[in-house]
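Student: Could you walk me through this structure step by step? I'd like to ask things as they come up.

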Amino acid sequence: MRTDSPLMPTYPPAPVTFVRGEGARLWDDQGREYLDLLSGLAVTSLGHSHPAVADALAEQARTLLHVSNLFGTTVGPEVAATLDRLMGVGQPGWPAEGTRGQVFFSNSGAEANECAIKLARKVGGRGRHVVVSAYGSFHGRTLATLHATGQPAKHEAFQPLPEGFRHVTWCDLDELERALDPSVAAVLLEPVQGEGGVNPATAAYFQGVRRICDERGILFMVDEVQTGLGRCGSWFAHQQLGVVPDVVTMAKALGNGVPIGACWAKREVAEAFEPGDHATTYGGQPLAAAAARAVLATMEAEDVPARARRAGERLAAALEALPGVASVRGLGLLLGVELDGHDAKAVAARLLELGAVVNAVTPTALRLAPSLLITDDEIDLAVSLIEKALAA
Ligand code: PLP
């Protein structure tokens, strides 16, 4: 597609250009203010320009930016230990001293999943390399994570994709069980399918997957790139589903806008990697890790899981009562608003005109993923803007 833009045409033309953000507010290049209900696709969970993150970045930039992973640094290991501790919150029998798992840092969610896929292959060994994921899932845009993504329409232009991926119907345990032959190394699932339309898994499904994986010696890998770090009302959404996964990937909220991802694995799984098996130039470098350290400290101080739970209940209840809303689904502050006879893209465009940022996650549903620090007044404003957009 020919355009005048200096950027490749992988996105449609941008409807607005943002130049500044503060908390749940954005301003465009015309000086217009917006209420941000999307957080850069569930990334700026502490809101825009959070002072703790800005200060941490400035201080780290003056101290040490980068030395590569050939040498030790102090910030990344600190963040890894915090993530390992948070992984145990609400999990009975979790060792107190945070030595349960180990972390590999990446620069994005897709790369965190690449690490998980390589780890599954290393654990499984030759001939046991298949990763089973669900239709409707989203795991990234690299060739391997694209194939893990259960959306065949997105595969077509890029065939042949790397071998070793299989898809099953979302939340159908029998079908999953039938798909597991001796070539399967891992099952990879989101606790709530984000890009696929905000479709929450049931606890029974996740617990069933855990049981089957245990019976067959298959890894259960959970993609928390969108759901992790407080967004769904717990540190990680799987903690509400009664399972301990073998591998958990995350990214988005970890840097509050600074690119950083992580793949956590149980120690006995992580130990399958040896020096040289996997690597990254930037992953876990001090600048990104300093942002993550500030993010996690602020999230703990603010108890963001509890705030997301409360705010999510308030927002969902108010939206459910609106004319034009058929139902609201999701967990915490990751919500899908199913519309009654409205075109979601048109409603999202109308909301942008009215000064609110959302996206159409399916042709009939809006996705809301606001800052986890959103105030009650901002929630009330969001509801009134959505009401107005639906009345138009
Ligand atoms: N996994 C999930 C569940 C996601 O929602 C996304 C992005 O939306 C990714 C992976 C890919 O992350 P990234 O775009 O940072 O590569």
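This is a predicted model: local features need pLDDT of at least 70, side-chain atom pairs count only at pLDDT 80 or more; totals for chains, interfaces and linings use all residues.

Student: OK, which residues come nearest to the ligand?

Tutor: There are 13 residues around the ligand, and the nearest of them are Gly109, Ala110, Asp223, Gln226 and Lys252. A residue counts as near if one of its heavy atoms lies within 4 Å of the molecule.

Student: And which helix gives the most to that shell?

Tutor: Helix 4, residues 109–124, gives the most, with 3 residues; helices here are DSSP runs of H or I with at least four residues, strands are runs of E with at least two, and both are numbered from the N terminus.

Student: How many of the shell residues are nonpolar, polar or charged?

Tutor: The shell divides into 3 nonpolar, 6 polar and 4 charged residues. In this scheme Ala, Val, Leu, Ile, Met, Phe, Trp, Tyr, Cys and Pro are nonpolar, Asp, Glu, Lys and Arg are charged, and the others, Gly among them, are polar.

Student: What does Asp223 do there, in terms of distances?

Tutor: A polar side-chain atom of Asp223 lies 2.7 Å from a nitrogen atom of the ligand. For Lys252, an N or O atom in the side chain is 3.0 Å from a ligand oxygen, and for Gly109 a polar backbone atom is 2.8 Å from an oxygen atom of the ligand. On its own the ligand has 390 Å² of accessible area, and the protein covers 81% of that, with areas taken from the Shrake-Rupley method with a 1.4 Å probe.

Student: New topic: how many salt bridges are there?

Tutor: The count comes to 19 salt bridges, where a salt bridge is a side-chain nitrogen of Lys or Arg within 4 Å of a carboxyl oxygen of Asp or Glu.

Student: Which partner does Arg210 have, and how far apart are the closest atoms?

Tutor: Arg210 forms a salt bridge with Asp246, and the closest N and O atoms are 2.9 Å apart. Arg210 lies in helix 8 (residues 203–216) and Asp246 in the loop between strand 10 (219–223) and strand 11 (247–250), so the pair ties together parts that are 36 residues apart in sequence.

Student: Is Arg210 buried or exposed?

Tutor: Arg210 is buried, with a relative accessible area of 10%, and Asp246 is buried as well, at 7%; buried means under 20% relative accessible area, exposed means over 50%, and partly exposed is in between, for a 1.4 Å probe and protein chains only. Salt bridges that share partners join Arg210, Asp214, Asp246 and Lys266 into one network.

Student: And what about Arg166, what does it pair with?

Tutor: Arg166 forms a salt bridge with Asp181, with the closest N and O atoms 3.2 Å apart. Arg166 is partly exposed at 26% relative accessibility, and Asp181 is partly exposed at 33%.

Student: Back to strand 11, which way do Val247 and Val248 point?

Tutor: Val247 and Thr249 point one way from strand 11, Val248 and Met250 point the other way, and all are buried. In a regular strand the side chains alternate between the two faces of the sheet.

Student: Which strands does strand 11 pair with?

Tutor: Strand 10 and strand 11 pair in the parallel sense over 3 bridges, and 4 bridges join strand 11 to strand 12 (residues 261–266), which run antiparallel. Two strands pair if DSSP finds at least two bridges between them. Val247 is the bridge partner of Met221, and Val247 also stands opposite Ala265 in strand 12.

Student: Last one: where is the cis peptide bond?

Tutor: The peptide bond from Gln159 to Pro160 is cis, with omega near 0°, and Pro160 is in the loop between helix 6 (152–155) and strand 6. Leu229, in the loop between strand 10 and strand 11, has a positive phi near 65° although it is not glycine. Most residues other than glycine have a negative phi, and most peptide bonds are trans.

Definitions and conventions:
Residues are numbered from 1 along each chain as its sequence is written. Side-chain values use heavy atoms; hydrogens and water are left out. A polar contact is a pair of N or O atoms within 3.5 Å; within protein, one must be able to donate a hydrogen and the other to accept it, and residues adjacent in sequence count only if both atoms are side-chain atoms.
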